[in-house]
Amino acid sequence: MSILSTRRPHRSTMLTLPALPDWSDVVAGFESLPIWRPFENHLIRVEEHVDDDRYTIRAELPGVDPAKDIDISVRDGQLTITAERTEKQEEGTRSEFRYGSFYRSMPLPPGAQEDDINATYTDGILTVTVPVTESQTAEKHVEVTQGPAKEAPIDRGGKKS
């Protein structure tokens, strides 16, 4: 009869940890959960890009009246789009309604001209354009001054070095 050893094979004392996932992968995982879906309707879907002299944002906002349901504001370099939608459908004796507030806030790029923002609404798409000038960040030089001379440190033998 043979005796089996209960000794475990040697393992390293250092655990090998998997690399942490990219933050966008974590967020994408939450978006697929059913509990997350009620919140997706409260953010406005946008696409944005910067051309040579213009920052453009296109936002999906179907079913709203741009004159009374959309508000665009700029504060501290942040552009915020807020919209509110109320829909009511009646069919014979049955009626159904949907409503909600939606928002999206984006930082403006450097050099954005906040006073010249233009917005248009066509076929459910809000297009916001902001002129962008070349950023005028001047290079700054700092003068280095020399302080008074310090006495040399004393070595262990009591002599100055």
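Where does Asp 115 lie? I found Asp 115 in the loop between strand 5 (94-107) and strand 6 (118-122). Strands are DSSP runs of E with at least two residues, helices are runs of H or I with at least four, and both are numbered from the N terminus.

**Ground rules.** I am working with a predicted model, where local features need pLDDT of at least 70, side-chain atom pairs count only at pLDDT 80 or more, and totals for chains, interfaces and linings use all residues. Residues are numbered from 1 along each chain as its sequence is written, and side-chain values use heavy atoms, with hydrogens and water left out.

**Entry 1, the acidic patch.** I looked up the surroundings of Asp 115. Asp 76, Glu 114, Asp 115 and Asp 116 form a patch of negative charge on the surface. A patch takes residues with over 30% relative accessible area and no salt bridge, joining like charges within 9 Å and nonpolar side chains (Val, Leu, Ile, Met, Phe, Trp, Tyr) within 5 Å. Asp 115 counts as exposed because its relative accessibility is 77%. Exposed means over 50% relative accessible area, buried under 20%, and partly exposed in between (1.4 Å probe, protein chains only).

How many salt bridges does the structure hold? I noted three. Each needs a side-chain nitrogen of Lys or Arg within 4 Å of a carboxyl oxygen of Asp or Glu. Side chains of opposite charge can pair when their charged atoms come close.

- Glu 47 and Arg 58 meet at 3.3 Å, N to O. This pair links distant parts of the chain: Glu 47 is in strand 1 (residues 46-50) and Arg 58 in strand 2 (residues 54-60), 11 residues apart. Glu 47 is partly exposed at 41% relative accessibility. Arg 58 is partly exposed too, at 36%.
- Glu 90 and Lys 88 meet at 3.3 Å, N to O. Both Glu 90 and Lys 88 are exposed.
- Glu 96 and Arg 94 meet at 3.3 Å, N to O. Glu 96 is partly exposed at 38%, whereas Arg 94 is exposed at 55%.

Is Asp 69 buried or exposed? I checked, and Asp 69 is buried, yet has no salt bridge. The nearest side chain of opposite charge is Lys 68, 5.5 Å away. Asp 69 lies in helix 3 (residues 66-69). I then listed its contacts, leaving out residues up to four places away in sequence: Val 64, Thr 82, Ala 83 and Glu 84. Contact here means heavy atoms within 4.5 Å.

Definitions and conventions:
Accessible areas come from the Shrake-Rupley method with a 1.4 Å probe; for residues, only the protein chains shown count as cover. Lys and Arg count as positive and Asp and Glu as negative; His and the chain ends are not counted. The place of a charge is taken as NZ of Lys, CZ of Arg, CG of Asp or CD of Glu.
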